[in-house]
Amino acid sequence: MKDINDKDFGQNTITLRDNRVATSIIPRTNAELDRQVIVDSNVLVEGSTYAKFLEISNGPAEFRKAVFADKELHIKSDAKDLIYFVKSVASSQSIASLLTTGRAIYGGDINAPTIKLGNCFVCGSIYGTEIQLENCIVLGGVFSSRNLTINNCVVGTFNSPEVNASGINYMLYPTAFSVEPMSLLPGTEFWNLSLADLGSLYKEEEEKPNTGKIRLDFTNDTQRTVLTDDDGTQTLINSYSVASRVLVSDLIDMEKMENHFLIISASLGSQILKTYSLTKANGEKGPELNVKDIADFFFNILSGKIQIREIDGTVSFDDLKKNFE
C-alpha cells in the first residue's frame with residue numbers, strides 16, 4: 001500500500017488503488033469542487049472525503065472520517081470485500097450501495113434524498129426522502145419523508161408517510177410508525193426483538209427464560225393516533241407496537257439480557273477507546289463487542305443461521321405473584 005497525500009491529487013479525477021491517504025480529500029480551489037473520486041480495492045483514507053461523485057468499485061476500503069458526495073456516492077453492486085465508513089455519510093442527491101456479494105458498514109448516520117442500500121450494516125440512523133433497504137441491518141431508526149421500502153431487514157424503528165414491506169423483517173424497538181397503512185406483499189412477516197435475549201445468543205449460550213421474539217400482528221397491534229402540532233394542524237398516524245403484549249417483560253431482568261451492549265458498542269464503535277467483551281454465564285470472558293463481529297451476528301439472524309425462539313406469552317399466576325410481592 002503506497003502512501004499519498006493531497007499534494008498528489010489532480011483536479012478532475014482521483015483514482016485510488018493500493019493507497020493509504022494520510023490527509024483529507026478536500027477541495028482547495030473552485031475547480032476541485034467538481035472532482036470525482038474512484039476507489040478500486042485496498043484503500044484507506046485517514047481524513048475526511050469530499051467529492052462531486054464518489055465511486056467505489058471494490059473493497060477492501062475504509063474511510064475513517066466523514067464522507068460527503070455532492071451528487072452521488074455509488075458502490076458497484078458486484079464490489080467484493082468489506083467497505084467501511086467509520087463516520088457519517090451524506091450526499092445532496094443520492095447514496096446507492098446495492099451490494100450482491102460484498103458488504104458495506106456505515107459506522108454513523110446516513111443522510112441523502114435518495115438512499116438505496118443492499119447487504120449493508122448501519123450503526124446509526126438513516127434520513128432521506130425515498131429509502132430502499134434490502135437485506136440490511138439498521139441499529140437506529142429509518143426516517144423517510146416520502147417513501148420507505150423494506151425487504152428482509154432488521155431495523156431499530158421506522159417512520160415514513162408510506163411504507164412498503166416484503167420478506168421477513170425484524171424490529172429492535174417496540175414501536176414504529178407510518179402515515180398511510182403499511183403495504184405488505186403476501187408472506188411478509190415482522191418480528192419484534194425488544195424482548196429477545198440477543199446477549200446470550202451473541203455468546204452462543206442458551207436464551208434466558210421468558211425471552212424471545214414477538215410476531216407483529218398487523219390486525220391487533222396497529223393503532224391509529226391523531227397528532228396535533230403547535231399550529232393546531234392534525235396528522236393521523238399509524239403506530240405498530242407490541243407494547244400491549246409484553247406483560248411478560250415484567251418478569252425479565254432487561255439489564256441481564258445485555259441487548260443494549262450490542263447496540264451501543266456498534267453505534268459508538270468509532271468513539272470507544274477500548275474494545276469491551278461480554279462475560280459468559282460461567283464467568284469466562286466472552287466474545288469482543290466490535291462492529292464487524294456484531295454485524296456478522298445480526299446478518300446471521302437475518303439469514304436464519306441464528307434462530308431466536310418465539311416468546312411464550314403464558315405466565316403462571318404464581319410467577320406473577322412472586323414478581324409483585
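**Aromatic pairs, strands and cores in a predicted model**

The structure holds 11 aromatic pairs. Rings of Phe, Tyr and Trp (its six-membered ring) pair if their centres lie within 6.5 Å; planes under 30 degrees apart count as stacked, over 60 as edge-to-face, and the rest as tilted. The model is predicted, so local features need pLDDT of at least 70 and side-chain atom pairs count only at pLDDT 80 or more, while totals for chains, interfaces and linings use all residues. Residues are numbered from 1 along each chain as its sequence is written, and side-chain values use heavy atoms, with hydrogens and water left out.

The pair F63 and F85 is stacked, because the ring centres are 5.1 Å apart and the planes lie at 10°. F63 belongs to strand β7 (residues 61–63) and F85 to strand β9 (residues 82–85), so this pair ties together parts that are 22 residues apart in sequence. Helices (H or I, at least four residues) and strands (E, at least two) are DSSP runs, numbered from the N terminus. Both F63 and F85 are buried. Buried means under 20% relative accessible area, exposed means over 50%, and partly exposed is in between (1.4 Å probe, protein chains only).

F190 and F218 form an edge-to-face pair, with 5.7 Å from centre to centre and 80° between the planes. F190 lies in strand β23 (residues 189–192), and F218 lies in the loop between β24 (214–215) and β25 (222–228), so the pair ties together parts that are 28 residues apart in sequence. F190 is buried, with a relative accessible area of 1%. F218 counts as partly exposed, at 22% relative accessibility.

Ring pairs also link F121, Y202, F297 and F298 into a cluster. A charge meets a ring elsewhere: the charged end of K213 sits over the ring of W191, 4.4 Å from its centre. A charge sits over a ring if NZ of Lys or CZ of Arg is within 6 Å of the ring centre and within 35 degrees of the ring normal.

Strand pairing was examined next. Two strands pair if DSSP finds at least two bridges between them. Strands β9 and β12 (residues 103–106) run parallel and are joined by 4 bridges. Y84 has I105 in β12 as its bridge partner. Strands β12 and β15 (residues 120–122) also run parallel, joined by 3 bridges. Here the bridge partner of I105 is F121, in β15.

Several loops have backbone features of note. The peptide bond from G59 to P60 is cis, with omega near 0°. P60 is placed in the loop between β6 (49–58) and β7. N135 is not a glycine, yet its phi is positive, at about 55°. N135 is found in the loop between β16 (126–134) and β17 (137–151). E204 also has a positive phi, near 60°, in a residue other than glycine. E204 lies in the loop between α1 (198–202) and β24. At 77% relative accessibility, E204 counts as exposed.

In soluble globular proteins, nonpolar side chains tend to be buried together. A nonpolar core is a set of buried Ala, Val, Leu, Ile, Met, Phe, Trp, Tyr and Cys residues joined through side-chain atoms within 4.5 Å. The largest nonpolar core has 56 residues, of which Y106, L117, L133 and F158 touch the most other members. A second, separate core of 29 residues includes V86, C123, W191 and F297.
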